[in-house]
Amino acid sequence: MTGRSALFPALLIALAACTPVDTPPEAPAPQFTTQKAEDGSCWGTVVIPAVYEQVPGQVQVVQAQVDESGTVIQPPIYRNATVPKEVRPRREERFPAPCPDQITPEFIASIQRALLARGYYRGGVTSRFDEPTLNAILRFQSERGLKSSQISLDSARELGLAAVDLN
């Protein structure tokens, strides 16, 4: 064997002796804030962040000089600058949601299949709330006015996964 051809079997033996690299642990399931009401219904919560916009304003750059008696010796100095103004305050929105005991791997797989059939989900049926599933739920619900990746009871009903009240 030439030097190069002898190297190939040695390389294969060395690679076969290698131990496999540990795969990273599976990401934990997302923890949604679901509250159970006295009547047995459950509610999810989504936090809607505050919205700020930059507006013209003034910023104090030098403080006023005041003597011991409280008399202003030199007034404060301001400069024009843009300052943040809260346009919409932060708020929490509650919505009916399936109770935690209803969120089984079979239920999650059904969500994945329903969103796959409607073109929102492109992954495999994993029975887990993985990132592609949460993104698909978010896209589906955002079109309906709820910006949350936690499945709402209304969305579960629309997907045919939860009972519809006929009252």
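Author: Begin with a term: a disulfide is a pair of cysteine sulfur atoms within 2.5 Å. This is a predicted model, in which local features need pLDDT of at least 70 and side-chain atom pairs count only at pLDDT 80 or more, while totals for chains, interfaces and linings use all residues. Residues are numbered from 1 along each chain as its sequence is written, and side-chain values use heavy atoms, with hydrogens and water left out.

Reader: How many disulfides does a search of the whole structure find?

Author: In general, a disulfide is a covalent bond between the sulfur atoms of two cysteines. Here the search finds one. Cysteine 42 and cysteine 99 form the disulfide, with their sulfur atoms 2.0 Å apart. The pair links distant parts of the chain, 57 residues apart: cysteine 42 is in strand β2 (residues 42-48), and cysteine 99 is in the loop between β7 (91-97) and α2. Names such as these follow DSSP runs numbered from the N terminus: helices (H or I) have at least four residues and strands (E) at least two.

Reader: What is the torsion about the S-S bond of cysteine 42 and cysteine 99?

Author: The torsion is about 105°, so the disulfide is right-handed.

Reader: Are cysteine 42 and cysteine 99 buried or exposed?

Author: Buried means under 20% relative accessible area, exposed over 50%, and partly exposed in between (1.4 Å probe, protein chains only). Cysteine 42 has 3% relative accessibility, so cysteine 42 counts as buried. Cysteine 99 also counts as buried, because its relative accessibility is 8%.

Reader: What pattern does the chain follow along the sequence?

Author: The chain has four helices and seven strands. Read along the sequence, the pattern is α-β-β-β-β-β-β-β-α-α-α. Of the 167 residues, 23% count as buried.

Reader: How should I read a nonpolar core, and which residues of the largest one touch the most other members?

Author: In soluble globular proteins, nonpolar side chains tend to be buried together. A nonpolar core is a set of buried Ala, Val, Leu, Ile, Met, Phe, Trp, Tyr and Cys residues joined through side-chain atoms within 4.5 Å. The largest such core here has 15 residues, and Ile111, Leu115, Phe129, Ile137, Ile151 and Leu159 touch the most other members. Helices α2 (105-117) and α3 (131-142) each supply at least two residues of this core. The largest share, five residues, comes from α2.

Reader: Which residues does leucine 115 touch?

Author: Contact means heavy atoms within 4.5 Å. Not counting residues up to four places away in sequence, leucine 115 touches Tyr120, Tyr121, Ala136, Ile137, Phe140 and Leu159. Phe140 is also in contact with serine 155, as is Gln141, when neighbours of serine 155 within four places in sequence are left aside. Serine 155 lies in helix α4 (residues 153-158) and is buried, because its relative accessible area is 5%.

Reader: Where does serine 127 lie, and what is its phi?

Author: Serine 127 lies in the loop between α2 and α3. Its phi is near 65°, a positive value in a residue other than glycine. Serine 127 counts as partly exposed, because its relative accessibility is 25%.

Reader: How many salt bridges does the structure hold?

Author: Side chains of opposite charge can pair when their charged atoms come close. A salt bridge is a side-chain nitrogen of Lys or Arg within 4 Å of a carboxyl oxygen of Asp or Glu. The structure holds four salt bridges. In one of them, glutamate 92 pairs with arginine 90, the closest N and O atoms being 3.6 Å apart. Glutamate 92 is exposed, because its relative accessible area is 51%. Glutamate 93 and arginine 91 also form a salt bridge (3.6 Å, N to O). Glutamate 93 is partly exposed at 25% relative accessible area, and arginine 91 is partly exposed at 38%.

Reader: Which residues are linked in a network of salt bridges?

Author: The network links Glu143, Arg144 and Glu158. Glutamate 143 is exposed, with a relative accessible area of 57%, whereas arginine 144 counts as partly exposed at 38% relative accessibility.
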